[in-house]
Amino acid sequence: MFTGLIEEVGTVIALRVRDHGTELQIAAPGIAKYVSAGESIAVNGCCLTLTSCRSDCLSFDLLEETIARTNLSNLRQNSPVNLERALRADGLLGGHFIQGHVDCVAPIIAFGPKGADFRLEVELPENSGHYVASKGSIAVNGISLTIAEVLPRSFEVWIIPYTKHHTNLERATIGDLANLEFDILAKYVERMVAPSLTKK
């Protein structure tokens with residue numbers, strides 16, 4: 001479980017296809033000294049198991065499902081990635097509960113300054129609009145954000161300068177694919193309500 005408060009922006013060292021699958025290596029000098037193999041770390045909002053930690057280098061094995069459902073397959077050497085360690089039981093919950101299970105990827109439609117802040121608009125994939133609500137929570141590349149407005153085919157969030165400068169949104173551009181994880185409450189409500197709706 002994560003909160004969406006990014007601890008460090010790591011840098012991709014390599015994304016390699018090995019005999020056992022795909023390996024992702026990330027330079028993360030900030031958190032590397034606090035983690036060990038077997039721990040869960042959110043990488044761009046995707047929960048991954050740390051397979052090894054040598055010096056400042058974190059290594060992860062990627063499942064085919066992970067590659068297919070996230071933007072991790074688009075990473076290249078020197079790509080910035082958002083990193084967050086799993087929430088401790090005695091930790092502060094400053095964002096919202098995030099599982100690290102990415103629901104889909106979607107392109108950034110617009111991103112630019114508006115006064116002192118920044119407006120980010122992301123496309124809503126088909127059949128996913130019911131998961132978002134104005135003032136509700138959403139994770140974009142693992143960042144806990146509040147939805148400002150739901151549009152017919154997209155949603156809008158506002159980014160403060162601190163968040164932009166301390167996440168990989170600092171280098172985000174229009175067309176980039178972002179990992180989205182919808183609020184878990186919306187998914188459970190859908191699961192519980194759907195059977196009663198189909199009976200009618």
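**Reading a barrel, strand by strand**

User: What makes strand 10 and strand 11 count as a pair?
Analyst: Strand 10 and strand 11 run antiparallel and are joined by 4 bridges. Pairing asks for at least two bridges between two strands, so these strands qualify. Strands of a sheet pair through backbone hydrogen bonds, in a parallel or an antiparallel way. The model is a predicted one. Within this pair, Glu 149 has Glu 156 of strand 11 as its bridge partner. The two strands also form a hairpin, with 2 residues between them.

User: How do you know that strand 8 pairs with strand 11?
Analyst: Strand 8 and strand 11 are antiparallel and share 6 bridges. The requirement is at least two, so strand 8 and strand 11 are a pair. Glu 121 has Glu 156 in strand 11 as its bridge partner, and Glu 123 stands opposite Ser 154 in strand 11.

User: Which strands make up the closed barrel, and in what order?
Analyst: The barrel has 6 strands in the order 7-8-11-10-9-12, and their pairing is antiparallel. From one strand to the next, the twist averages 45°.

User: Is strand 11 mostly covered or mostly uncovered, and how do you know?
Analyst: Strand 11 is mostly covered, since 5 of its 6 residues are buried. A residue is called buried when its relative accessible area is under 20%.

User: Which residues touch the most other members of the largest nonpolar core?
Analyst: That core has 24 residues, and those with the most contacts to other members are Phe 111, Leu 120, Ile 138, Val 140, Phe 155 and Ile 159. At least two core residues come from each of strands 7, 8, 9, 10, 11 and 12. Strand 7 gives the most, with 4 residues. A second, separate core holds 20 residues, including Ala 28, Cys 46, Leu 58 and Leu 75.

User: What does Ile 159 contact beyond its neighbours within four places in sequence?
Analyst: Ile 159 is in contact with Phe 111, Asp 117, Phe 118, Leu 120, Leu 145, Lys 164 and Leu 169.

User: Why is the pair of Phe 111 and Phe 118 given the name it has?
Analyst: The structure holds 2 aromatic pairs. In the pair of Phe 111 and Phe 118, the ring centres are 6.2 Å apart and the planes stand at 50°. Centres must lie within 6.5 Å, so the rings pair. Planes under 30 degrees apart would be stacked and over 60 edge-to-face, so an angle of 50° makes this pair tilted. Both Phe 111 and Phe 118 are buried.

User: What kind of aromatic pair do Tyr 131 and Phe 182 form, and what parts are tied together?
Analyst: The centres of Tyr 131 and Phe 182 are 5.1 Å apart, with 20° between the planes. That angle is under 30 degrees, so this pair is stacked. Tyr 131 sits in the loop between strand 8 and strand 9, while Phe 182 belongs to strand 12, so the pair ties together parts that are 51 residues apart in sequence. Tyr 131 and Phe 182 are both buried.

User: Is Asn 82 called buried or exposed, and why?
Analyst: Asn 82 has a relative accessible area of 1%. The cut-off for buried is under 20%, so Asn 82 is buried. Asn 82 lies in strand 6. Beyond its neighbours within four places in sequence, Asn 82 has contacts that include Ile 6, Val 43, Ile 143 and Thr 167.

User: What does the side chain of Asn 82 reach in Asn 168, and at what distance?
Analyst: The side chain of Asn 82 reaches the backbone nitrogen of Asn 168 at 2.8 Å. A polar atom of the Asn 82 side chain also lies 3.0 Å from the backbone oxygen of Asn 141. The limit for a polar contact is 3.5 Å, so the 2.8 Å distance falls within it, and so does the 3.0 Å distance.

User: Is Asn 141 buried or exposed, and why?
Analyst: Asn 141 has 9% relative accessibility, which is under 20%, so Asn 141 is buried. Asn 141 lies in the loop between strand 9 and strand 10. Its phi is positive, about 55°, although Asn 141 is not a glycine.

User: Is Asn 127 buried or exposed, and why?
Analyst: Asn 127 has 64% relative accessibility, which is over 50%, so Asn 127 counts as exposed. Asn 127 is found in the loop between strand 8 and strand 9. The phi of Asn 127 is near 65°, a positive value in a residue other than glycine.

Key
Residues numbered from 1 in each chain as written. Predicted model: local features only at pLDDT ≥ 70, side-chain atom pairs only at ≥ 80, totals over all residues. Heavy atoms only, no water. Core = buried A, V, L, I, M, F, W, Y, C linked by side-chain atoms within 4.5 Å. Buried < 20%, exposed > 50% of the residue type's maximum accessible area, 1.4 Å probe, protein only. Contact = heavy atoms within 4.5 Å. Polar contact = N/O pair within 3.5 Å; in protein donor to acceptor, adjacent residues only side chain to side chain. Axes fitted to C-alpha atoms, helices over the stretch in contact; angles between N-to-C directions. Phe/Tyr/Trp six-rings, centres within 6.5 Å; stacked < 30°, edge-to-face > 60°.
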